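Q: I would like to learn how to read a predicted fold, one feature at a time. Can we work through it together?

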Amino acid sequence: MRIARFSIDGNVAFGAVEGDPSAPGSSEGLVLDIIKGVPFADFELSGTKVPLSKVRLLPPVLPNKVVAIGRNYAAHAAELGNEVPAAPWAFFKPSTSVIGPGDPIVYPTFSREVHHEAELAVVIGRLCREVPRERVKDVILGYTCANDVTARDTQQTEKQWARAKGFDSSCPLGPWIETGLDLAAASDLAVTATVNGELRQAGRTSQMINSIEDLIVNITEAMTLLPGDVLLTGTPAGVGPLHPGDEVAVTIEGIGTLTNKVISRG
Ligand code: MG
């Protein structure tokens, strides 16, 4: 099931996306069946349907925290001249960095070099800590696309990445949560980024150094994850600059495409 969060006539709801989003020109044909309640517990579909074209898609979750992993693809570490860390290298992106599909990425005033980073995002479905490897599948609600937008120059001059990777609008998520992928499927998906239609990044989640299981075991050793929390799993090679006016699209096989435009601060 594909679960979207959206607003219509000032109301916010979750809905199940019906139709085939991968069919060419199909987005007009997609329909949302409104979910009664929230998708973090047992829920029912209401049977009330609205066309996707009539709603505004929102970030598919509002996470309490986004935990992100640096240098989880060897080719990406190498392209920036970095070593691969011996253990997962986690950092936070604040909840205020999250935006939805179609929302603008606002170029920060303090940077002159903002990069895209296409990443598989794991959406946590239930409160969990100290998750054993064999239970990892039970704490995952589903998967979505993320862009770990980064002020690369700031990242290089500031030891903590709070500003470089935490500025407002630096965490586009969406377009929806795909709940139908098991761990094996999620662990071998094509991840691409295009800028103005030109291919910039192309990798597979099978190239991750630390697997989804490794990462959830490692993070929950240290902290509780809450329903709706999001894990960004690292970016493949090919990161590069974004400029105001650019349109950046992250596509993950079996999930969908997350598109955002870059604008300058007005
Ligand atoms: Mg990243």
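Q: How many bridges join β12 to strand β14?
A: Two strands count as paired if DSSP finds at least two bridges between them. Here 3 bridges join β12 to β14 (residues 171–178), and the two run antiparallel. Ala146 stands opposite Leu173 in β14. Strands are DSSP runs of E, at least two residues long, and helices are runs of H or I, at least four, numbered from the N terminus.

Q: What should I know about the model and the numbering?
A: This is a predicted model: local features need pLDDT of at least 70, side-chain atom pairs count only at pLDDT 80 or more, and totals for chains, interfaces and linings use all residues. Residues are numbered from 1 along each chain as its sequence is written, and side-chain values use heavy atoms, with hydrogens and water left out.

Q: Which strand does β11 join, and over how many bridges?
A: β11 is joined to β12 by 7 bridges, and the two run antiparallel. One partner to look up is that of Ala118: in β12, it is Asn147.

Q: How many residues of β12 are buried?
A: Buried means under 20% relative accessible area; exposed is over 50%, and partly exposed lies in between (1.4 Å probe, protein chains only). In β12, 8 of its 8 residues are buried.

Q: Which residues of helix α5 are buried?
A: In α5 (residues 212–220) they are Ile212, Leu215, Ile216, Ile219 and Thr220. They cover an arc of only 110° around the axis, so they sit on the same side of α5. That arc is taken from the directions from the helix axis to the C-beta atoms. The general idea: an α-helix has 3.6 residues a turn, so residues three or four places apart point the same way.

Q: What covers the buried residues of α5?
A: Look for contacts, meaning heavy atoms within 4.5 Å. The cover includes β6 (66–70), β11 (118–124), β12 (140–147), α4 (183–186) and β17 (230–232).

Q: Which residues coordinate the magnesium ion?
A: Donors are N, O and S atoms within 2.8 Å of the metal (3.2 Å for Na, K and Ca); water is not among the atoms, so sites may look incomplete. Here the donors are Glu117 (OE), Glu119 (OE) and Asp148 (OD), at 2.0 to 2.1 Å. Their spacing in sequence is E-x1-E-x28-D. Glu117 is buried, at 3% relative accessible area, and Glu119 is buried too, at 1%.

Q: In what order do the strands of the open sheet with β10 run?
A: The order is β13-β10-β18, with antiparallel pairing. The edge strands are β13 (150–151) and β18 (240–242), each pairing on one side only. β10 and β13 pair over 2 bridges, and the partner of Val114 in β13 is Ala151.

Q: Where is His115, and what does its side chain touch?
A: His115 lies in β10 (residues 114–116) and is buried, with a relative accessible area of 6%. Its side chain makes a polar contact with the side chain of Arg152 (3.0 Å). A polar contact is a pair of N or O atoms within 3.5 Å; within protein, one must be able to donate a hydrogen and the other to accept it, and residues adjacent in sequence count only if both atoms are side-chain atoms. Leaving aside neighbours within four places in sequence, the contacts of His115 include Asp148, Val239 and Leu242.
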